[in-house]
Amino acid sequence: MSSEFNLISELKDKTLILRTEGYLNNVGGEQIVHKVSEHLNKNINKVIIDLEKSKVVNSIGISYLIDVIEQLNQNNGKLIFTNLDPTIEKTFKIMGLFQFAEKADSIDAALS
Amino acid sequence: MLEQNNLVERLSLQAESFQEGFEILSKASSFRELTLNFAHLLRGNFIIKDLYLLHKAAEDSEWEGVGLDNKFSSSDLSYLSSSNNLNISYYDKQKFCASIVLPLSNLSFLGILLGLKLDGSAFNDFDKITLQILLQIFNSAHKSFLNQKKEKELIFGLNEKIFQLNHLIDTGIELSRFEKRSTLYEMALERISSLTNASAGLIKIEDLDHNPQQYFLFPSGTDLENVLKSELKIQTSFEHRNRIYHFVLSGKETRKGLTSFNELDQLLFEAVTRQVSTAIENEFLLQQSIEKELIEKELNVAALIQQRIIPKELPKIEGYEIAGINIPSKEVGGDYYDYIALNNGKVALVIADVTGKGISAALLVNTLNASLYSYLEFDLPLTEITDRLNKLIYRSSPSDKFITFFMAVLDPESGVLEIVNAGHNPILLLRKDGSLEKIDAGGLGLGMLDLGLPYSGQSLKLETGDNLFLYTDGIPEAMNENEELYSDERMISFLKNNSEKPAGEFINALVTDVRSFVGTAKQSDDITVMILSKK
């Protein structure tokens, strides 16, 4: 069953930028965790997840994002969400993600 | 004794490092991190190079390596006791110094194979006690880790419930604001999939014969058949205005794969579908309201037009009194009366009643009025005018619409009336001596048939004191709450008893009498009446 989730990654210095597209669910969450794990060996200290093209997220997807936060915390890294849909931003707030991660309006703002 | 004291002293010195070890282990955020940190502790305390950590989830599970360099062989596993209790075995001059099987509080097991110490020595008493302490530290840290995990899961679960509740409320608000129907369905699918962790959702709209008309899928690339055939699905449906809306969700996601939806999911699912149903109904009601407003505007315009046709005031004819009134039962009615001064000094009195009411009846009245004026210009015989009107109305009206029509042309000087009655109720002529004539000669109502059947006319003369009474059936058929009709008899009786009154007063008195009879019952038909009295 296609969920049509796409993940594009880009490395800028010590920052990993992930751009998601589609339903951020089990499949999407796993891809994000896997990609972050791949790059943790490369001394990244910041991960930016851009959700501009993801308008729907479920709690399974969120649980994987929490895993990413924990992974980064172990490595003294930081997670920043960008271009959040207002509904998703509200969801993240309720789920407590912003206690451990940040948000920014854009990737450029997150990089600066 | 001295040896024991030395042991105690050495262990006391180690207390702080044990404490630090526990703190390090307690900070682990995963079982893997916990075991790897423990491996570091073991290596640091015993100065050993090779160390294998294994884990099995349950008594009858297989041992699996934990950590990066776990290249153990099956023969290595033989060192691990098959007992399910705590077992620590020490070896001399073998591959391993010690093997440990540690039961954990969650009924899993940690297996540890300690390789040879770098200095080649065997485990002494101090090492054995240290090992036992470290194992206890690990056990405590593992319990702490499990508690933290449970606490996190609990917090996550509580937050999830809050999220679901908030999301459900927001969904209801958002669905009520949708602008396009397709947006409504897409939003509903996205929201309910997110709420229930569904991997896919479907809305199928079909007619009452179950012919599918539209599908909406989430995510957009989802295979329709997979959703419909899924064994892990929930569905619900509702009917609205000859369409059936089916909602299906399939494949509830968990970290461990797909599972069945639970009762809460079903509740959330049905709540959202009810919100969709309400939104659709509200859209329909809004549309109806807009259409009603448009119709009312059109009716107002039609009423204005019709009011221009109905004479506001009937003119004075020397030697005669004339009065009339039209009270439509709706804003726009189907009754019509008029007074037309002709070029030859004569006067045409017209009364008509269109089948039906409302705007369609009013439009037909307008047609009648316009064409009548036009034909009267040509000084044609009444029967021919009526025939032409019949053909015109027949062509321009639906088959179920026709007009009952009465026209009288008065020569004021002679008092002669030329009359045609096309299907209208008999017009009453009350003579001064109290005798009553009913005038109904003519033909069929206008627009009923066009078979070329000629209309017949009639001629009579008004004398002083005579009253010509024109009316539509809204008078005799006016009904009160007891479903009694005003009736022809009552109307004729009123005419006879009040014919002396001036025309205007007569009309008002008749309307008052009819309204008094009807009481609080709703006016069921237009009321139109005209009286011509020769004085």
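In what order do the five strands of the open sheet of chain A follow one another? In the predicted model described here, the order is β1-β2-β3-β4-β5, and the pairing within this sheet of chain A is mixed; helices (H or I, at least four residues) and strands (E, at least two) are DSSP runs, numbered from the N terminus, and two strands pair if DSSP finds at least two bridges between them. Residues are numbered from 1 along each chain as its sequence is written, and chains are lettered from A and ligands numbered from 1 in the order in which they are written. Because the model is predicted, local features need pLDDT of at least 70 and side-chain atom pairs count only at pLDDT 80 or more, whereas totals for chains, interfaces and linings use all residues.

Strand β4 (residues 78-82) of chain A runs parallel to β5(A) and is joined to it by three bridges, and Ile80(A) has Glu102(A) as its bridge partner in β5(A).

Chain B also contains an open sheet of five strands, in the order β11-β21-β20-β16-β17, with antiparallel pairing. Here β11 (320-327) and β17 (436-439) of chain B stand at the edges with a single partner strand each, so one side of each is left without a neighbour in the sheet. The twist from one strand to the next averages 15°. Within this sheet, strand β20 (residues 467-471) and strand β21 (residues 527-534) of chain B pair in the antiparallel sense over five bridges, and Leu468(B) has Leu532(B) as its bridge partner in β21(B).

Two helices of chain B lie across strands of this sheet. Helix α10 (residues 488-498) of chain B lies across β16 (427-430), β17 and β20 of chain B and runs at about 30° to β16(B), while helix α11 (residues 503-518) of chain B lies across β11 and β21 of chain B, at about 30° to β11(B).

Elsewhere in chain B, strand β6 (residues 198-207) and strand β7 (residues 212-218) pair in the antiparallel sense over six bridges, with Glu206(B) opposite Pro212(B) in β7(B). The hairpin of β6(B) and β7(B) has four residues between the strands, and His210(B) takes a positive phi near 65° there.

The contact between the chains takes 23 residues from chain A and 25 residues from chain B, two residues being in contact if their C-beta atoms, placed from the backbone, lie within 7 Å. On the side of chain A that touches chain B, α2 (59-74) and α3 each supply at least two residues. The axes of helix α3 (residues 86-95) of chain A and helix α4 (residues 125-175) of chain B come within 9 Å and cross at roughly 150°; axes are lines fitted to C-alpha atoms, for helices over the stretch in contact, and angles run from 0 to 180 degrees between N-to-C directions. The contact of α3(A) with α4(B) is made by residues including Thr87(A) and Ile94(A) of α3(A) and Ile162(B) and Asp170(B) of α4(B).
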